[in-house]
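Please look first at the sequence and at the three-dimensional structure shown below. The explanation that follows is meant to be read with both in view.

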Amino acid sequence: MGGDRYQAGTDDPPAVHYDDEELPARNLTGRIGLGVSIVAFLVAVLVLWQVFRPLARGSQFYLIIFLAGTLPLVFLAYKSRLPFLKKPGSDRPTLPDWLLAGAALIVCLYPVNPLRGGYDGFLDRQGLLEPIDIVFGAVLLVLVVEACRRTTGVALPIVCLAFLAYGYYGGLLPQDWPIAHAGLDFSQIIDALYNSGSGFYGTPLDVAATYIVLFTIYGAVLDLSGASRFFVDLSVAAFRKSRSAAGRTAVAAGFLLGTVSGSGTATAVSVGAVTWPMLRRAGYPAEQAGGMLAAAGVGAILSPPTLGAAAFIVAEYLDVSYLTVLGWATIPTLLYYLGILLAVEIDVRRFRVRALDTPPASAWRLLLRFGYHFSSLILIIVLLALDVSATRAVVYATLAAFLLSFLDRQAWMTPKRLFVALSAGVRGVLPVVAVCAAAGIITAITTKTGLGAQLASLLVSGAKAVTSNPTAILALTVVLAAVALAILGLAVPVTASFIIGWVIIGPALLGLGVPAPAAAMFVFYYSVLSEVTPPTALAAVGASAITGGRTIPTMWQALKYALPAFLAPIAFVLTDNGSFLLGRGSFVGIVWATAVAMLAVLGLAVATGAWFPGIGPAPLPARVLGAAAGLLLLYLEPLTIVLGVGALAAAALWTFVTRPSRESDKSPSPPPIKEETGTT
């Protein structure tokens with residue numbers, strides 16, 4: 001990392017991979033790869049054009065064109081993974097892939113077919129679709145489900161089919177059942193999906209085609225301009241003299257790199273590839289290191305200024321600005337990283353981690369030379385604060401990153417690199433497009449049948465069957481909702497998990513008096529945390545592949561590091577004071593609630609890490625007291641705060657009284673070892 005030379009890349013940058021809600025894509029080369037890249041580039045140009053010169057026919061018309069440009073690419077870029085369609089020894093699209101891509105293009109463009117009255121004629125037939133309309137809509141339904149299967153696996157398509165079955169056969173259910181409805185015939189279902197604002201062209205796809213794709217393009221430009229490597233190198237340089245340098249570097253690099261990738265699993269793997277050699281040489285066991293990397297990666301999609309894709313849907317559903325959602329996420333982000341850093345400091349002492357003698361590097365020198373990479377991130381926040389729309393803000397930030405790349409000769413965004421960045425940004429959003437289009441099936445059926453309100457009523461009724469106390473009913477509903485969201489997240493990607501959770505669990509929380517921001521962020525956090533929830537925990541699986549650790553123990557370690565993120569959302573909704581943790585309310589209230597929540601995180605760190613920072617190893621009674629303190633403090637009511645502080649003080653006292661002798665505390669730490677980093 002010495003000197004001013006900074007390797008930003010070559011003239012032939014590799015394909016950029018951004019989203020973790022997907023199965024591996026094909027590595028397309030040659031004329032096919034070029035053709036896919038050209039189409040993706042043209043879609044990117046359309047997206048950018050739409051920001052400043054929206055198509056005159058309206059938003060749904062734009063979504064029709066956008067889906068026509070992206071859905072066919074899914075069948076070319078992603079394998080079918082069906083044994084009878086495999087082509088041995090080849091990664092190229094097969095004949096069925098080309099046929100499906102062609103069919104997708106035709107059925108997506110059918111609503112604007114001038115021979116059938118064009119777009120206006122199609123809208124005029126809403127509710128009275130002709131047989132040919134129904135055929136094309138049915139074909140698109142099959143293609144959307146298949147595209148979702150190719151990019152995310154079978155779980156979400158099965159959920160979509162279950163909702164379709166419910167919409168069609170729901171009229172056959174006993175009418176005294178709460179979820180029974182009059183039933184929908186096939187034409188009504190297709191009309192709701194194909195020719196309305198709540199189906200394929202509903203809010204989820206609208207968010208993907210406006211906000212999410214722009215942020216993936218921004219991430220691609222930022223990455224190819226050398227920002228990713230700078231963020232990792234800066235983290236290494238900043239902490240190189242500390243015993244906990246390796247752990248702090250992994251956490252800081254995860255946070256910074258997440259602003260580029262916006263993906264939990266991708267961030268964990270990318271950071272792990274660089275920092276795992278440091279963590280191993282410092283003395284971290286593989287499972288603990290993998291858990292740390294997974295938690296740091298997931299933190300990237302919980303953290304401003306570029307939250308995960310579901311955050312844009314939060315803003316759209318609640319009709320608030322993206323900056324408002326960023327404000328809600330700020331304090332929970334601080335609590336999350338406080339928990340990780342406390343766990344890092346505890347692990348340094350538990351595992352007697354060694355300091356590393358890294359090559360000399362100056363964080364200040366790096367900042368002075370390459371700190372301009374932060375400029376575009378700051379620009380997004382400034383523009384949002386000036387009431388510039390999120391879409392325009394990210395485009396201006398992308399332009400800034402493009403111009404700033406010319407400050408480093410090796411990172412110049414040449415026309416070729418710009419073409420790669422724009423096409424990679426669109427290719428990176430393909431899985432999200434498939435998920436959001438499929439989510440339209442769920443939202444349309446839920447809207448048509450009223451299923452969301454019915455399931456919400458069942459959830460609350462289940463809590464009322466146990467207790468009649470209003471506080472207990474809310475607490476039990478929240479716990480049931482958290483479990484349901486965690487289970488849902490095991491099966492479907494984050495974006496779909498939030499959409500399903502919001503239409504089903506959101507009404508239950510709102511009906512119990514929970515403010516909409518608190519309810520939405522509760523659903524958002526539990527949807528994202530599926531990335532570190534056993535037994536799937538994709539981020540932990542990716543991290544364990546890097547460290548070589550056992551997968552299941554790595555998942556449990558990731559759960560330990562991420563524990564504050566599981567409990568803080570419950571604090572949002574249990575009491576009115578929980579809104580302070582979202583930055584909503586008086587300044588004094590926000591300050592004291594944040595301070596109390598930090599003490600709660602400390603208590604949880606003692607419970608999970610078996611160590612009280614500043615004192616020593618925590619025996620079992622102290623760990624139990626720490627856990628009790630964390631839970632009591634997060635309730636954010638005067639009585640529980642007093643009890644929680646008392647429990648935490650008792651844990652500290654117990655740890656102090658029972659700690660090893662001072663002589664044993666003074667045993668020398670392992671000597672530092674030289675670390676040969678691969679940084680520039």
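The structure is a predicted model, and its local features are described only where pLDDT is at least 70. The largest nonpolar core has 232 residues. Helix H18, which covers residues 415–449, gives the largest share of this core, with 18 residues. Which residues have the most contacts inside the core? They are Leu 71, Leu 156, Tyr 284, Met 521, Phe 522 and Phe 524.

Helix H22 spans residues 516–528, and Met 521, Phe 522 and Phe 524 are among its buried residues. The helix has 13 residues and reaches 18 Å from its first C-alpha to its last, close to the 18 Å expected at 1.5 Å a residue. Is helix H22 largely enclosed or largely open? Of its 13 residues, 12 are buried, and therefore the helix is largely enclosed by the rest of the structure. The buried residues include Pro 517, Ala 518, Tyr 525, Tyr 526 and Val 528. An α-helix has 3.6 residues a turn, so residues three or four places apart point the same way.

Tyr 169 belongs to helix H6, residues 155–169. This tyrosine counts as partly exposed because its relative accessibility is 49%, and the exposed class begins only over 50%.

Attention now turns to charged side chains. How many salt bridges does a search of the whole structure find? The search finds 7. In one of them, the side chains of Arg 57 and Asp 120 meet at 2.8 Å, taken from N to O. Arg 57 lies in the loop between helix H1 (30–52) and helix H2 (59–77), whereas Asp 120 lies in helix H4 (residues 118–124), so this pair ties together parts that are 63 residues apart in sequence. Both partners count as partly exposed: Arg 57 has a relative accessibility of 39%, and Asp 120 has one of 44%.

A second salt bridge joins Arg 150 to Asp 97, with the closest N and O atoms 2.8 Å apart. Because Arg 150 is in helix H5 (residues 131–152) and Asp 97 is in helix H3 (residues 95–109), the pair ties together parts that are 53 residues apart in sequence. Are these two residues buried or exposed? Arg 150 counts as buried at 1% relative accessibility, and Asp 97 is buried with a relative accessible area of 1%. These residues also take part in a network of salt bridges, in which Asp 97, Glu 146, Arg 149 and Arg 150 are linked.

A further salt bridge is formed by Glu 287 and Arg 550, whose closest N and O atoms are 3.3 Å apart. This pair links distant parts of the chain, 263 residues apart: Glu 287 is in helix H12 (residues 286–300), and Arg 550 is in the loop between helix H23 (538–547) and helix H24 (551–561). Glu 287 is buried, with a relative accessible area of 14%, whereas Arg 550 is exposed, with 55%.

Asp 319 is placed in the loop between helix H13 (309–318) and helix H14 (322–350). Its phi is near 55 degrees, a positive value in a residue other than glycine, and Asp 319 counts as exposed at 71% relative accessibility. Asp 387, in the loop between helix H16 (375–385) and helix H17 (390–404), also has a positive phi, near 70 degrees. Asp 387 counts as exposed at 70% relative accessibility. Ser 579 is found in the loop between helix H25 (563–574) and helix H26 (587–609), yet Ser 579 counts as buried, at 8% relative accessibility. Apart from its neighbours within four places in sequence, Ser 579 is in contact with Pro 515, Phe 572 and Arg 584.

Methods: Residues numbered from 1 in each chain as written. Predicted model: local features only at pLDDT ≥ 70, side-chain atom pairs only at ≥ 80, totals over all residues. Heavy atoms only, no water. Helix = DSSP H or I, 4+ residues; strand = E, 2+ residues; numbered from the N terminus. Buried < 20%, exposed > 50% of the residue type's maximum accessible area, 1.4 Å probe, protein only. Core = buried A, V, L, I, M, F, W, Y, C linked by side-chain atoms within 4.5 Å. Expected span 1.5 Å × (residues − 1). Salt bridge = Lys/Arg side-chain N within 4 Å of Asp/Glu carboxyl O. Contact = heavy atoms within 4.5 Å.
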